[in-house]
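Here are a few notes to read alongside the model. Please keep the 3D view open and follow each point in turn.

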Amino acid sequence: MRILFVCTGNTCRSPMAEGLLRQMAEQEQMQLDVRSAGVAAAEGIQISYHAEGVLRDHHIKDQITSSPIRMDTVEWADLILTLTEGHKRQVLQHFPNGAGKTYTLKEYVEDDIQVLQDIAELDSLLASKALQNSLGQSLTPSEGERMIELRQRIPVYDISDPYGGSREEYDRTAAEIRTALDKLMDKLKNGRGM
Ligand SMILES: N[C@@H](Cc1ccc(OP(=O)(O)O)cc1)C(=O)O
């Protein structure tokens, strides 16, 4: 299975997720091909000093450099896991072929059915809004109200951005990512992925 993590600059959050998940998969002898990219990333930038430190402390020596997300990376992935909802929206806006396989990391490991139904409904309303906009039309007032209601109800699944922060902030973010990756591994091991 091919998993792509997506954040903004691909120098902090998604490289940590990439390195950590690759190590977890190796430890469990699970066949996972893992990459990462950024919605506003430059090509070939070193990952941030503290992100590298976090990986090094986990005995991960992968040489990860930044890449912007591209059509071929989206096509390559079986599953695209974003670090925030904003990243998910940007992926879906620029790469509509990512629909059906793009989730926030925390949403993907959520098992509350009601929340998952709300997210699916919001995704579908946002997709029809984009379509209506392209036709110069808009959603009905009741659809607009429903979107607001869903947004208020759905938990925030964003993983905090440590960019420019201290090593402690990177450790906190890495712990947040790790907790979600533990759940992801369980889900994949139990055959509940995709
Ligand atoms: N703020 C940076 C972009 C940036 C943002 C976030 C960031 O962290 P991450 O790699 O986790 O998205 C990295 C870089 C800039 O001004 O170019």
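1. Let's start with Arg22, which sits in helix H1 (residues 13-27). Helices here are DSSP runs of H or I with at least four residues, strands are runs of E with at least two, and both are numbered from the N terminus. Arg22 touches Val34 and Asp62, leaving aside residues up to four places away in sequence; contact means heavy atoms within 4.5 Å. The Arg22 side chain reaches the backbone oxygen of Val34 at 2.9 Å.

2. A word on the ground rules: this is a predicted model, where local features need pLDDT of at least 70, side-chain atom pairs count only at pLDDT 80 or more, and totals for chains, interfaces and linings use all residues. Residues are numbered from 1 along each chain as its sequence is written, and side-chain values use heavy atoms, with hydrogens and water left out.

3. Next, find the open sheet: four strands in the order S2-S1-S3-S4, with parallel pairing. Two strands pair if DSSP finds at least two bridges between them. The edges are strand S2 (33-38) and strand S4 (102-104), each pairing on one side only. Strand S1 (residues 2-7) and strand S3 (residues 79-82) are joined by four bridges in the parallel sense, and Leu4 stands opposite Ile80 in S3.

4. Helix H4 (residues 85-94) packs on this sheet, where H4 touches S1, S3 and S4, and its direction makes about 165 degrees with that of S4. Such angles run from 0 to 180 degrees between N-to-C directions, using lines fitted to C-alpha atoms, for helices over the stretch in contact.

5. How is the protein divided? The domain assignment gives domain 1 (2-109 + 156-189) and domain 2 (111-154); such bounds come from an automatic or database assignment. Their centres, taken over C-alpha atoms, are 26 Å apart. Seven residues of domain 1 are in contact with nine of domain 2.

6. Now for the interface itself. Domain 1 and domain 2 bury about 560 Å² between them, 45% of it on carbon and sulfur atoms; buried area is the accessible area (1.4 Å probe) that two parts lose on being put together, summed over both. Arg89, Glu107 and Tyr157 supply 61% of the area that domain 1 buries against domain 2, more than any other three residues.

7. Finally, look for charges. Three salt bridges cross the interface of domain 1 and domain 2, each being a side-chain nitrogen of Lys or Arg within 4 Å of a carboxyl oxygen of Asp or Glu. The side chains of Arg89 and Asp123 form a salt bridge (3.0 Å, N to O).

Definitions and conventions
A polar contact is a pair of N or O atoms within 3.5 Å; within protein, one must be able to donate a hydrogen and the other to accept it, and residues adjacent in sequence count only if both atoms are side-chain atoms.
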